[in-house]
Amino acid sequence: MKCKEFSELMPDLALGVDQASAEAGEHLRSCTSCATRLDEIRKTMSLLDEWQAPEPSPYFDTRLQARLREEKAKTPAGWLVWLRRPAMALVATILLAVGITMFRGDFNKKDSGPIAAFPGTAVGDLQQLDKNHDLYSDFDVLDDLVSQQQEDQTANP
Amino acid sequence: MSTDGLSDADVMLRVKAGDEPAFDYLVQKYRRPMVSFMYRMAHNAAAAEDLAQEVFLRVYRSRGSYEASAKFTTWLYRIATNLAVNHARDTRHERPENMASLDEADEETGTTMDVADTSPNVEEKLVKQERLKAIRQKVENLPERQRLAVLMHKYQQMDYKQIGEVLNLSESATKSLLFRAYETLREQLKEFI
């Protein structure tokens, strides 16, 4: 075994999670440099043991549960959520029905109005006559003219 | 919930199927390793807890897409690593170069970052604190992948294969990476050995 190959085994050997194979053991006995290096890496790892991490605080679980509850409240997203909430679905259906009814009522009202027709056509002329009749029936000046003509005829027979 | 004979991946598949106690089981099993991993990445107990919680939230969010193709821990540490690296990058300029003093109490917990010290001698205590400060600094100064590999190997007891899977490296590349990292630490911490 060469030093390079042995060096790759060092982390696990130094950590103690792996035992040196016969080949690695032979290299270790014959190579002072690798033996010294392995020993120093072992000591370095012991030094790293001094860096301790704290335990999770007593509030860890409580906080996580609260965050999970928030997470669950958010999901499931999308329009399918409506199908899972009957009350909201009912309100939405009623609003939709009212909206459609109002729209149709408005549409029908528009349908009942006069049909636009071009002047000169039969329908156009009839509509024009209707308008004139309305105009003349409200035109007081014409009544005055008629009554004045009758007076003139009476005075000068 | 009985998890006898079940691997973590099997338990996660139960979570995927809507088994809430299965998720609690995984949280209880991995909360401590997650907090300690994040603590060594974030150097702050409160941030470590927040990040560890975020890991579990992401696990929960991703439960639907979980595939038991890899070990559960590989998947878990991939999530943790991404979060920790992003956090480290985001807060790089917030942390002083020499890091917080070990005498300073943590903002939230009120505890010092040091380990329990039983030595009665003040001088010994100061030496120990200096040593701890150096350890933290030297690990922090390692290149990102080397730092992650050391934290997973030394403190999370993960093997080369798992570390390689988390970091997307071959087993051989992981061994080399770890050797280089420990060599750097050996050189730089020589005075304390």
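**Figure 1. Chain A of the predicted model is made up of helices, without strands.** The secondary structure of chain A consists of seven helices and zero strands, and its elements follow the pattern α-α-α-α-α-α-α along the sequence. Of the 157 residues in chain A, 8% are buried. Among the contacts in chain A with a separation of 6 or more, 35% are accounted for by residues 24 or more positions apart. The mean pLDDT of chain A is 80, and 76% of the residues score at least 70. Among the elements of chain A, the highest mean pLDDT, 94, belongs to α3(A), while the lowest, 71, belongs to helix α7 (residues 140-155).

**Figure 2. Chain B of the predicted model is likewise described by its helices.** Chain B has eight helices and zero strands. From the N terminus on, its elements run α-α-α-α-α-α-α-α. Buried residues form 35% of the 193 residues in chain B. When contacts in chain B between residues at least 6 apart in sequence are considered, 57% of them join residues at least 24 apart.

**Figure 3. This view shows the side of chain A that touches chain B.** In the contact between the chains, 26 residues of chain A meet 33 residues of chain B. On the chain A side, the elements that give two or more residues are α1 (3-15), α3 (32-48) and α4 (60-74). The largest share, seven residues, comes from α3(A). By class, this side of chain A comprises 14 nonpolar, four polar and eight charged residues. The element with the largest share of this side, α3(A), is also the element of chain A with the highest mean pLDDT.

**Figure 4. Helices α2 and α4 of chain B pack against each other.** Helix α2 (residues 20-42) and helix α4 (residues 72-90) of chain B have axes 10 Å apart and pack at an angle of about 25 degrees. Angles under 35 degrees count as roughly parallel, so α2(B) is roughly parallel to α4(B). The crossing in which α2(B) passes α4(B) is right-handed. From α2(B), the residues in the contact are Y30(B), M34(B), F37(B), M38(B), M41(B) and A42(B). Their partners in α4(B) are L76(B), A80(B), A84(B), H87(B) and A88(B). The residues of this contact divide into ten nonpolar, one polar and no charged.

**Figure 5. Helices α6 and α7 of chain B cross at roughly 140 degrees.** The axes of α6(B) and α7(B) come within 10 Å. At this crossing angle of roughly 140 degrees, the two helices are oblique to each other. The crossing of α6(B) past α7(B) is right-handed. On α6(B), the contact is made by R145(B), L148(B), A149(B), M152(B) and H153(B). On α7(B), the contact is made by I163(B), V166(B) and L167(B). By class, this contact has six nonpolar, one polar and one charged residues.

Figure 6. Most residues other than glycine have a negative phi. N168(B) belongs to the loop between α7 and α8 (171-188) of chain B. With 9 other C-beta atoms within 10 Å, N168(B) is exposed.

**Figure 7. A17(B) is placed in space beside a residue from elsewhere in the sequence, at a C-alpha to C-alpha distance of 8.0 Å.** A17(B) occupies the loop between α1 (8-16) and α2 of chain B. With 9 C-beta neighbours inside 10 Å, A17(B) counts as exposed.

Definitions and conventions
Residues are numbered from 1 along each chain as its sequence is written. Chains are lettered from A and ligands numbered from 1 in the order in which they are written. This is a predicted model: local features need pLDDT of at least 70, side-chain atom pairs count only at pLDDT 80 or more; totals for chains, interfaces and linings use all residues. Two residues are in contact if their C-beta atoms, placed from the backbone, lie within 7 Å. Helices (H or I, at least four residues) and strands (E, at least two) are DSSP runs, numbered from the N terminus. Ala, Val, Leu, Ile, Met, Phe, Trp, Tyr, Cys and Pro count as nonpolar, Asp, Glu, Lys and Arg as charged, and the others, Gly among them, as polar. A residue is buried if 20 or more other C-beta atoms lie within 10 Å of its own, exposed if 12 or fewer, and partly exposed in between; C-beta atoms are placed from the backbone. Axes are lines fitted to C-alpha atoms, for helices over the stretch in contact, and angles run from 0 to 180 degrees between N-to-C directions. Angles under 35 degrees count as roughly parallel, over 145 as roughly antiparallel, 65 to 115 as roughly perpendicular and the rest as oblique. A crossing is left-handed if the near helix is turned anticlockwise from the far one by less than a right angle, and right-handed if clockwise. pLDDT is the predictor's confidence in each residue, from 0 to 100.
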